[in-house]
Amino acid sequence: MSHLQRHLRVSDEYQPSLKVAFASGDMKTVDQHFGSCQSLVVYGVEPDSSELLQVAEFQVQEGHSQAKLTSRIEVIGDCFAVFCVAVGESVFRQLLAVGVRAIRVEGGTPISGLIQQLQGQWPAQAVNRKQRARSPDRFAELDATGWEDN
């Protein structure tokens, strides 16, 4: 039995550098325990932008159930991390096994602030490389540095 009630995917084609999930009831703050969260919000994060990718809402049921956890893990299986108020140790290990890091934060922590923190930790080399790739004058800039096409 799937515990997933509704699942909105904004875009399947956009492939961000980083996908991050948040356990949130209000879609603005991290305010839920991972195993019993009402919803998971997934953002694509780039050094200078972020985009909502999906929202999954779950049937909230008390108690422990592997099916309940499996439905949540399936939604975020391709994420780098999930931010939540709490996560049990066995679930923490299950998340690590699929490559997702569970990060505990204080209840009420704004999602936008966590995204900004991630962007602030982005390696400068990756940011510069991305900005160069987007620059319409990138070939003129390369030419001015003595770059030659062989």
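Is Ser-24 buried or exposed, and what is its relative accessible area? Ser-24 is buried, with a relative accessible area of 0%; buried means under 20% relative accessible area, exposed over 50%, and partly exposed in between, with a 1.4 Å probe and protein chains only.

1. Basis of the note. This is a predicted model, in which local features need pLDDT of at least 70 and side-chain atom pairs count only at pLDDT 80 or more, while totals for chains, interfaces and linings use all residues. Residues are numbered from 1 along each chain as its sequence is written, and side-chain values use heavy atoms, with hydrogens and water left out.

2. Overall layout. The protein chain has five helices and eight strands. Helices (H or I, at least four residues) and strands (E, at least two) are DSSP runs, numbered from the N terminus. Along the sequence the pattern reads β-β-β-β-β-α-β-α-β-β-α-α-α. Of the 150 residues in the protein chain, 37% are buried. Among contacts with a separation of 6 or more, 60% come from residues 24 or more positions apart; contact means heavy atoms within 4.5 Å.

3. Surroundings of Ser-24. The residue from the opening question lies in the loop between β2 and β3. Setting aside neighbours within four places in sequence, Ser-24 is in contact with Thr-29, Asp-31, Gln-32, Ser-39, Val-41 and Ile-111.

4. Met-27. The loop between β2 and β3 (29-30) also holds Met-27. Met-27 is not a glycine, yet has a positive phi of about 65°. Its relative accessibility is 29%, and Met-27 therefore counts as partly exposed.

5. Aromatic pairs. How many aromatic pairs does a search of the whole structure find? The search finds two. Rings of Phe, Tyr and Trp (its six-membered ring) pair if their centres lie within 6.5 Å; planes under 30 degrees apart count as stacked, over 60 as edge-to-face and the rest as tilted. The rings of Phe-22 and Tyr-43 have centres 6.0 Å apart and planes at 75°, so this pair is edge-to-face. Phe-22 is in strand β2 and Tyr-43 in strand β4 (residues 39-46), 21 residues apart, and the pair links distant parts of the chain. Phe-22 also pairs with Phe-83, and that pair is stacked, at 5.3 Å centre to centre and 15° between the planes. Because Phe-22 lies in strand β2 and Phe-83 in strand β6, the pair ties together parts that are 61 residues apart in sequence.

6. The aromatic cluster. Phe-22, Tyr-43 and Phe-83 form one aromatic cluster. Both Phe-22 and Tyr-43 are buried, Phe-22 with a relative accessible area of 0%. Phe-83, at 6% relative accessibility, counts as buried.

7. Salt bridges. The structure holds two salt bridges, a salt bridge being a side-chain nitrogen of Lys or Arg within 4 Å of a carboxyl oxygen of Asp or Glu. One joins the side chains of Lys-19 and Asp-78 (2.6 Å, N to O). Lys-19 lies in strand β2 (residues 18-23) and Asp-78 in the loop between α1 (66-76) and β6 (81-84), so the pair ties together parts that are 59 residues apart in sequence. Lys-19 counts as buried, at 16% relative accessibility. The side chains of Glu-89 and Arg-93 also meet in a salt bridge (2.9 Å, N to O). Glu-89 and Arg-93 both lie in helix α2 (residues 89-97), four residues apart, about one turn of the helix. Glu-89 is exposed, with a relative accessible area of 55%.

8. Helices α1 and α2. The axes of α1 and α2 come within 11 Å and cross at roughly 35°. Axes are lines fitted to C-alpha atoms, for helices over the stretch in contact, and angles run from 0 to 180 degrees between N-to-C directions. The crossing is right-handed; a crossing is left-handed if the near helix is turned anticlockwise from the far one by less than a right angle, and right-handed if clockwise. Gln-66, Leu-69, Ile-73 and Ile-76 of α1 make the contact with Val-91, Gln-94 and Leu-95 of α2. These residues divide into five nonpolar, two polar and no charged. Ala, Val, Leu, Ile, Met, Phe, Trp, Tyr, Cys and Pro count as nonpolar, Asp, Glu, Lys and Arg as charged, and the others, Gly among them, as polar.

9. Pro-123. The loop between α3 (111-120) and α4 (124-134) contains Pro-123, which is exposed, with a relative accessible area of 51%. Pro-123 and Pro-47 are 76 residues apart in sequence and 8.7 Å apart in space, C-alpha to C-alpha.
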